[in-house]
Amino acid sequence: MKKNQTVKSSLNRNRESVAYKVFKYCNYVFLWALAAMCVLPMINILALSLSTRHYADAGVVWLLPKGLTFEAYRYVFRNNMFFITLKNSLLRVIGGVLMALIVNVLLAYPMSKNRQEFKGRPFFLAIIVVTMFFAGGLIPTFLLMKNLHLYDTLWVYILPGAVNTYWALLMMNFFRSMPKEIEEAAKVDGCSYFGVLVRIVLPLSKPVIATIILYAFVGHWNSWFDGKLYSATSMNYPLQTLLYDMLQTLVSSSMSQAEALEKLGGTAVSSAQIFITMLPIMIAYPFLQKYFVDGIMLGSVKE
């Protein structure tokens, strides 16, 4: 009897191991397919941007360029405003990310305290949550930017989006998940609240800080509509707004531009512009990805 039970248990273990192997390989196949769905379109866009007009417009380019040429990139880089708007975008990204970190940290840290430490917490938390559901609207926001003398300046891209409710709540929950004993020990040693934040909390908050940096970086880099809305001249455009205008010229262009585009083709030029906008994010993401998941998961746990 015992021998039969031993044989059955060993058979069950073998069956479980086979099932686990099947499950593991199915996971591998699924993840590789998912990765291919993300990577292959980017390779296709790069190949289109490096192909001649005949092949790109004919729709025969897949993963490798046909009739290799860099004319589409030369067309984009030859625009006199390209490097001016690139500088504007870099200033916007650097200033916007730093401002978002400073403001949201200073908002989230006191909101992470309980009512005994911060008596006004429920009132301010209610105000913050309300902004997630109600906004002032496009026209009132535009008038506000003009009255604050932010219109047609680079500050109009940085200051209005400095406080983000979702980022602040993410940071707040991350700070609340930290052991209270660490802060109490620092206070016993004579640290103020600001000292605890700078010396203890922030060094332990790399995951959520990296998450906010990634969100702010992608948001500022990809934004184009506010450039059309808040800039009177193209001198203060971010790069994305300039690329949007260049895409519009593919539809209605002057004679000289039409002749240039006749040689290049709209598909190659638009693909080159798309790849240029993707490149900084593809470079930055691998360095922040290891912190990204931890920041999202830990910051989403509520007490």
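Which element gives the largest share of the lining of the largest pocket? That would be α11, with four residues. The views below come from a predicted model, where local features need pLDDT of at least 70, side-chain atom pairs count only at pLDDT 80 or more, and totals for chains, interfaces and linings use all residues. Residues are numbered from 1 along each chain as its sequence is written, and side-chain values use heavy atoms, leaving out hydrogens and water.

**View A. Helix α4 (residues 82–111) packs with helix α8 (residues 165–176).** Helices here are DSSP runs (H or I, at least four residues), numbered from the N terminus. The angle is about 50° and the axes are 8 Å apart, with axes fitted to C-alpha atoms over the stretch in contact and angles running from 0 to 180 degrees between N-to-C directions. That makes α4 oblique to α8 (under 35 degrees is roughly parallel, over 145 roughly antiparallel, 65 to 115 roughly perpendicular, and the rest oblique). Contact means heavy atoms within 4.5 Å; Leu101 and Tyr109 of α4 are among the residues making it, as are Trp167 and Phe175 of α8.

**View B. α4 also packs with helix α11 (residues 206–222).** This time the angle is about 145°, with the axes 9 Å apart. The contact includes Leu86 and Arg92 of α4, and Phe217 and Trp221 of α11.

**View C. The largest pocket is lined by 22 residues.** Pro160, Gly161, Val163, Asn164 and Thr165 lie nearest its centre. A pocket is an open set of points on a 1 Å grid over the protein atoms alone where a 1.4 Å probe fits, with protein on both sides within 12 Å along at least five of seven lines; lining residues have an atom within 4 Å of a point.

How values were computed. Helices (H or I, at least four residues) and strands (E, at least two) are DSSP runs, numbered from the N terminus.
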